Amino acid sequence: MFLVPEVLRTGRERSLMVCLAWHVHRRLHIREVQNVRKEILSTDGDVIILGPDGEPLGNPGQRPAEGERITDPDVRRNGLTDAPVPA
């Protein structure tokens with residue numbers, strides 16, 4: 001990640017928070033998700049994994065190791081935030 005060196009160089013504690021939307025982390029191989037978490041946590045930053053409703057999850061959940069594409073536009077949109085989406 002290109003941000004990590006900059007955060008390490010100029011950042012303060014908890015100066016970086018990365019939120020991985022449902023459709024983003026679900027398409028990644030589980031090792032990629034683990035690598036992102038490890039790299040961000042090494043900066044004393046936070047990684048928030050979001051569920052399909054935009055709510056934070058504790059972990060990526062049960063999933064195929066290789067990842068899966070989420071193509072439904074409603075699922076993709078709702079996974080970005082837990083704020084109500086206007087109809």
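A polar contact is taken here as a pair of N or O atoms within 3.5 Å; within protein, one atom must be able to donate a hydrogen and the other to accept it, and residues adjacent in sequence count only if both atoms are side-chain atoms. The structure is a predicted model, in which local features need pLDDT of at least 70 and side-chain atom pairs count only at pLDDT 80 or more, whereas totals for chains, interfaces and linings use all residues. Residues are numbered from 1 along each chain as its sequence is written, and side-chain values use heavy atoms, with hydrogens and water left out.

The secondary structure comes to four helices and three strands, where helices (H or I, at least four residues) and strands (E, at least two) are DSSP runs numbered from the N terminus. Along the sequence these elements follow the pattern α-β-α-α-β-β-α. Of the 87 residues, 30% count as buried, a term that denotes under 20% relative accessible area, with exposed meaning over 50% and partly exposed lying in between (1.4 Å probe, protein chains only). The accessible surface comes to about 6000 Å², of which 53% belongs to carbon and sulfur atoms; such areas come from the Shrake-Rupley method with a 1.4 Å probe, and for residues only the protein chains shown count as cover. With contact defined as heavy atoms within 4.5 Å, 75% of the contacts between residues at least 6 apart in sequence join residues at least 24 apart.

The largest nonpolar core has nine residues, namely Leu 16, Val 18, Leu 20, Leu 28, Val 33, Val 36, Ile 40, Val 47 and Ile 49; a core of this kind is a set of buried Ala, Val, Leu, Ile, Met, Phe, Trp, Tyr and Cys residues joined through side-chain atoms within 4.5 Å. At least two residues of this core are supplied by each of strand E1 (17–20), helix H3 (30–41) and strand E2 (46–50), and the largest share, three residues, comes from H3.

In H3, the end C-alpha atoms are 16 Å apart, which agrees with the 16 Å that its 12 residues should span at 1.5 Å a residue, the expected span being 1.5 Å times one less than the number of residues. Val 33, Val 36 and Ile 40 are buried in this helix. Seen down the axis of H3, its buried residues fall within an arc of 60°, so they line one face of the helix, the arc being that of the directions from the helix axis to the C-beta atoms. The exposed residues Arg 31 and Lys 38 are carried on the face of H3 turned away from its buried side.

His 25 lies in helix H2 (residues 22–25) and is buried, with a relative accessible area of 0%; its side chain reaches the backbone oxygen of Leu 50 at 2.9 Å. Arg 26, in the loop between H2 and H3, is buried at 6% relative accessible area, and its side chain makes a polar contact with that of Glu 68 (2.5 Å).

Ala 65, in the loop between strand E3 (56–57) and helix H4 (73–78), counts as partly exposed at 32% relative accessibility. Not counting residues up to four places away in sequence, Ala 65 touches Leu 28, His 29 and Ile 30; the C-alpha atoms of Ala 65 and His 29, 36 residues apart along the chain, are separated by 5.5 Å. Pro 56, found in strand E3, counts as exposed at 53% relative accessibility, and, leaving aside neighbours within four places in sequence, is in contact with Ile 48, Ile 49 and Leu 50.
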